[in-house]
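Thanks for coming, everyone. I'd like to walk you through one structure today, so please have a look at it on the screen before I start.

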Amino acid sequence: SSPEMPHNVSNLEKAGILNKTKVSENGKKIRKNWSNSWTVLHGGILTFHKDPKSPAGASSKTNQIVPEFIVELKGATINWASKDKSSKKNVLELKSRNGVEYLVQYDTESIITDWYKIISDTIHQLDLD
Ligand code: I3S
């Protein structure tokens, strides 16, 4: 593996559009705010960028550069969310080591399953460090 990245995660890379919301922070439940994100997995870090085409908020240029959420996958957990977590289908529950919880969702099952696999693989690789 490359020297600048932990263990074997350098080959675990992916990008695409996902629907996501933060659901809790510091053990405190927060109101869902589902939105589509350009989502990038690189070097054991998952970043969610606001959809650059979305009208509200900061300029699209800024949104393409500054991620909305950054999730370090070391020490994180990923699971299929139970039905009580959302009325949506194909929902993953991602919990970071520092206690922030997200739901990640996509209507096309094969797409969310691919994300589930690569995030799980990354977490397991990082556990070996
Ligand atoms: O788990 P909840 O609170 O039922 O989540 C729903 C709400 O966040 C809702 O917005 P309001 O905060 O205005 O009630 C959202 O529109 C829904 O999408 C949320 O539920 P789902 O089941 O889609 O995760």
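**A walk through the model**

Let's begin with burial: buried residues make up 23% of the 129 residues in the protein. A residue counts as buried if 20 or more other C-beta atoms lie within 10 Å of its own, as exposed if 12 or fewer do, and as partly exposed in between, with C-beta atoms placed from the backbone.

Please keep in mind that this is a predicted model: local features need pLDDT of at least 70, side-chain atom pairs count only at pLDDT 80 or more, and totals for chains, interfaces and linings use all residues. Residues are numbered from 1 along each chain as its sequence is written. The average pLDDT, the predictor's confidence in each residue from 0 to 100, is 89 for the protein, and 84% of the residues score at least 70. The model scores are ipTM 0.89 and pTM 0.88.

Now the layout. The protein has two helices and eight strands, and from the N terminus on they run β-β-β-β-α-β-β-β-β-α. Helices (H or I, at least four residues) and strands (E, at least two) are DSSP runs, numbered from the N terminus.

Strand β3, residues 35-42, has partners on record here. With β1 (14-25), β3 pairs in the antiparallel sense over seven bridges, and Ile 17 stands opposite Trp 38. With β4, residues 45-50, β3 is again antiparallel, over six bridges, and there Ser 37 stands opposite Lys 50. Pairing means that DSSP finds at least two bridges between two strands. β3 and β4 form a hairpin with two residues between them, and Gly 43 in the turn has a positive phi of about 60 degrees.

Speaking of phi, most residues other than glycine have a negative value. Asn 26 has a positive phi, near 50 degrees, and sits in the loop between β1 and β2 (28-29). Asn 90 has a positive phi too, of about 55 degrees, in the loop between β6 (77-80) and β7. Which of these is buried, and which exposed? Asn 26 is exposed because it has 8 other C-beta atoms within 10 Å, while Asn 90 is buried because it has 20.

Leu 94 touches Val 71, Ala 76, Ile 78, Tyr 102 and Val 104, leaving aside residues up to four places away in sequence. Touching, or contact, means that C-beta atoms, placed from the backbone, lie within 7 Å. Tyr 102, in strand β8 (residues 100-105), is buried because 21 other C-beta atoms lie within 10 Å. Counted the same way, its contacts include Lys 20, Val 23, Phe 69 and Leu 94.

Finally, the ligand. Which residues surround it? They are Arg 31, Lys 32, Trp 34, Ser 86, Ser 87 and Lys 88, where being near means a C-beta atom, placed from the backbone, within 6 Å. That shell divides into one nonpolar, two polar and three charged residues. Here Ala, Val, Leu, Ile, Met, Phe, Trp, Tyr, Cys and Pro count as nonpolar, Asp, Glu, Lys and Arg as charged, and the others, Gly among them, as polar.

Definitions and conventions:
Two residues are in contact if their C-beta atoms, placed from the backbone, lie within 7 Å.
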